[in-house]
Amino acid sequence: MKKLIIKAPSRIHMSLIDLNGSYRRVDGGIGLALADPQFVLEVEQIESGIELTFAETVTDEEAIEECKEKIPDAAKRTIEHFDIDSGFRFIVHNTYPPHSGFGSGTQIAVSTAHLITETMGIEIESRELSSIVGRGGTSGIGTYTHDLGGFILDGGHSKEEKPLFLPSGASQAKPATLIARYDFPEEWNILIAIPYIEKHMEGDDEVDVFQTYCPIPKEEVEQVSHLILMNLVPFMLEKDIKNFGWAVSELQKVGFNKLEHSLDDSYLPTMKAIEDAGAYGVGISSFGPVLYTVFDESNADIVEKTKEIIGDKGTVFVTKAQNHGFTIEK
């Protein structure tokens, strides 16, 4: 029987764009594929049923529970959609913490579907697979970082398709329209800092945030759009790392990022401490707890300084952007 292994990048979700809706569209976002951590999943075709096991190196109980929920569900949806008369045995070789800002849910579901379609010789785009497995209903960042890697800008949804404000996990809309995809500067290092927290934002809590606090002010949507179009993206393309970092920090002060910080301001002192230690700018991915900054040789000491700020209970590591999407090994 054929065996395949998929390796899919994690991502940071840097900002949602429009959760006001006055301009006939909602959502939209920017994000970036990361080379580390990776989601690594193996599949083997069997006669019937869905089996799931884990490599000994996978020990995170939350990650294991998420895989136990999402892999069989995505497999079942894919098998039913394509009327496949076969079974599949999955082995999880590497994953990352759920509800942390790395986008594990989309990578798990779409990777599962990709392995099944690849095994069966079915050619299909990731955007369509995301719809089949019920992902991408708010943000297209997970779908397009999976497929293309790099820096992603998506255009959200028409209000006619998606009249309500909902997070991806609760929305039935198709994945957002891709506006632009760029290579992220290879020479820039990305510092990931994950403070220790007791509880992650997820599920019904996310739905409540969207339904209670949206629409957010139209003026802030306009500010976010301007910061992305006239600051963040041009500074990235010009490889101006300091001003790119400035734009990241400015995005924390308006729009949905500002809302997130107003609901949980526990990250702000840590973010300010990292900035004060010499970071060019600090952002939060989704609802956190993943924090990120970019650095180069001139402020490389930010890594050790951030480790001191985060402390022993948290996690700090250095990665790069991944300027290509998933890979499948046979």
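Predicted model: local features only at pLDDT ≥ 70, side-chain atom pairs only at ≥ 80, totals over all residues.

Biologist: What makes the meeting of Lys 70 and Glu 66 a salt bridge?

Modeller: The rule asks for a side-chain nitrogen of Lys or Arg within 4 Å of a carboxyl oxygen of Asp or Glu. For Lys 70 and Glu 66 the N to O distance is 3.7 Å, so the pair qualifies under that rule. The two residues are four apart in helix H1 (residues 61-82), which means that about one helical turn separates them; helices (H or I, at least four residues) and strands (E, at least two) are DSSP runs numbered from the N terminus.

Biologist: How many salt bridges does this rule give, and which residue does Lys 272 pair with?

Modeller: The count comes to 16 salt bridges. Lys 272 pairs with Asp 276, their closest N and O atoms being 2.8 Å apart, and both residues lie in helix H9 (residues 268-276), four places apart, about one turn of the helix. Lys 272 and Asp 276 are both exposed.

Biologist: How is the packing of two helices described?

Modeller: It is described by the angle between the axes and the distance between them. Axes are lines fitted to C-alpha atoms, for helices over the stretch in contact, and the angles run from 0 to 180 degrees between N-to-C directions. H1 and helix H2 (residues 104-119) pack at an angle of about 40 degrees, and their axes are 9 Å apart.

Biologist: Why is H1 called oblique to H2?

Modeller: Angles under 35 degrees count as roughly parallel, over 145 as roughly antiparallel, 65 to 115 as roughly perpendicular, and the rest as oblique. The angle of H1 with H2 is about 40 degrees, and that makes H1 oblique to H2. The crossing of H1 and H2 is right-handed, a crossing being left-handed if the near helix is turned anticlockwise from the far one by less than a right angle, and right-handed if clockwise. Among the residues making this contact (heavy atoms within 4.5 Å) are Glu 66 and Lys 70 of H1, together with Ile 108 and Thr 112 of H2.

Biologist: At what angle do helix H6 (residues 218-237) and helix H7 (residues 241-250) pack?

Modeller: H6 and H7 pack at about 150 degrees, with axes 8 Å apart, and that makes H6 roughly antiparallel to H7. Their crossing is left-handed, and the contact includes Leu 232 of H6 as well as Phe 244 and Val 248 of H7.

Biologist: How do H9 and helix H10 (residues 302-310) cross?

Modeller: The axes of H9 and H10 come within 9 Å and cross at roughly 150 degrees, and the two helices are therefore roughly antiparallel to each other. This crossing is right-handed.

Biologist: What makes helix H4 (residues 141-148) mostly covered?

Modeller: Six of the eight residues of H4 are buried, including Tyr 144 and His 146. The elements covering these buried residues include strand E1 (3-18), strand E2 (25-46) and H2. Just after H4, Gly 149 takes a positive phi of about 65 degrees.

Biologist: Why does Met 14 count as buried?

Modeller: Met 14, which lies in strand E1, has 2% relative accessibility and therefore counts as buried. Beyond its neighbours within four places in sequence, Met 14 is in contact with residues including Leu 232, Phe 244 and Val 248. The C-alpha atoms of Met 14 and Ser 285 are separated by 5.4 Å, although these residues are 271 apart along the chain.

Note on methods. Residues numbered from 1 in each chain as written. Heavy atoms only, no water. Buried < 20%, exposed > 50% of the residue type's maximum accessible area, 1.4 Å probe, protein only.
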